[in-house]
Amino acid sequence: MAAETQAARVGIVCGSRSDFPIMEKAVEMLGRLEVPCELRAISAHRAPDLLSRFVGGADERGIRVFIAGAGGAAHLPGVVAAKTILPVIGVPIPTQVNGGLDSLLSIVQMPKGIPVATVAIGGAENAALLAAEILALSDPALRTRLQAFRDAQTRAIEEDEWNTDLGLTK
Ligand code: RP5
């Protein structure tokens, strides 16, 4: 069953259910930040019309940013971007070709006019953080949660027992 919450603000879509282990990291990160999202597997080449309807109705459903993951030819993020003016963040899915270099180059090399903001191969967590940062531009409470996430991340390193003996903790 697709992960879904009411009034999703981030639409997460990938080319296949085989991409879910990567894309679920975005779901988890958005959950930590209390950002409602939906996760769907809708192939751009196997179900192009369904993908078109999914993207076309997103704005009306409350989606404000897309995260799109795909592997191999990895055209899905570009197709999503072609169908909406909402921001699209692409996640290259790891493959057998140099660990997913094919996916990365496919997604990052969008020709001018239709941008896809591309994160690292398998970088679904950063895609979620970037989506949250976009939403936080008009959501002060989310901005506060994002800052708390950053602070906790920094604190964990400063307080790591391997670093405390440096005597540099504030
Ligand atoms: C792409 O092809 C998907 O995004 C997936 O990464 C890759 C393989 O898909 P399956 O053959 O596992 O369905 O469309």
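A: Buried means under 20% relative accessible area, exposed over 50%, and partly exposed in between (1.4 Å probe, protein chains only). Gly 122 has 10% relative accessibility, so this residue counts as buried. Gly 122 sits in the loop that joins strand S5 (117–118) to helix H6 (124–136); helices are DSSP runs of H or I with at least four residues, strands runs of E with at least two, numbered from the N terminus. Its C-alpha atom is 24 Å from that of Ser 52, and 70 residues separate the two along the chain.

The model is predicted: local features need pLDDT of at least 70, side-chain atom pairs pLDDT 80 or more, while totals for chains, interfaces and linings use all residues. Numbering starts from 1 along each chain as its sequence is written, and side-chain values use heavy atoms, without hydrogens and water.

Val 108 belongs to helix H5 (residues 101–108). Val 108 counts as partly exposed because its relative accessibility is 42%.

Now the ligand. Its shell (heavy atoms within 4 Å) consists of Gly 15, Ser 16, Ser 18, Asp 19, His 45, Arg 46, Ala 70 and Gly 71. The side chain of Ser 16 places an N or O atom 2.7 Å from a ligand oxygen. For the side chain of Asp 19, that distance is 2.6 Å. Gly 71 uses a backbone N or O atom, 3.1 Å from a ligand oxygen. On its own the ligand has 360 Å² of accessible area (Shrake-Rupley, 1.4 Å probe), and the protein covers 67% of it.

Conventions: Polar contact = N/O pair within 3.5 Å; in protein donor to acceptor, adjacent residues only side chain to side chain.
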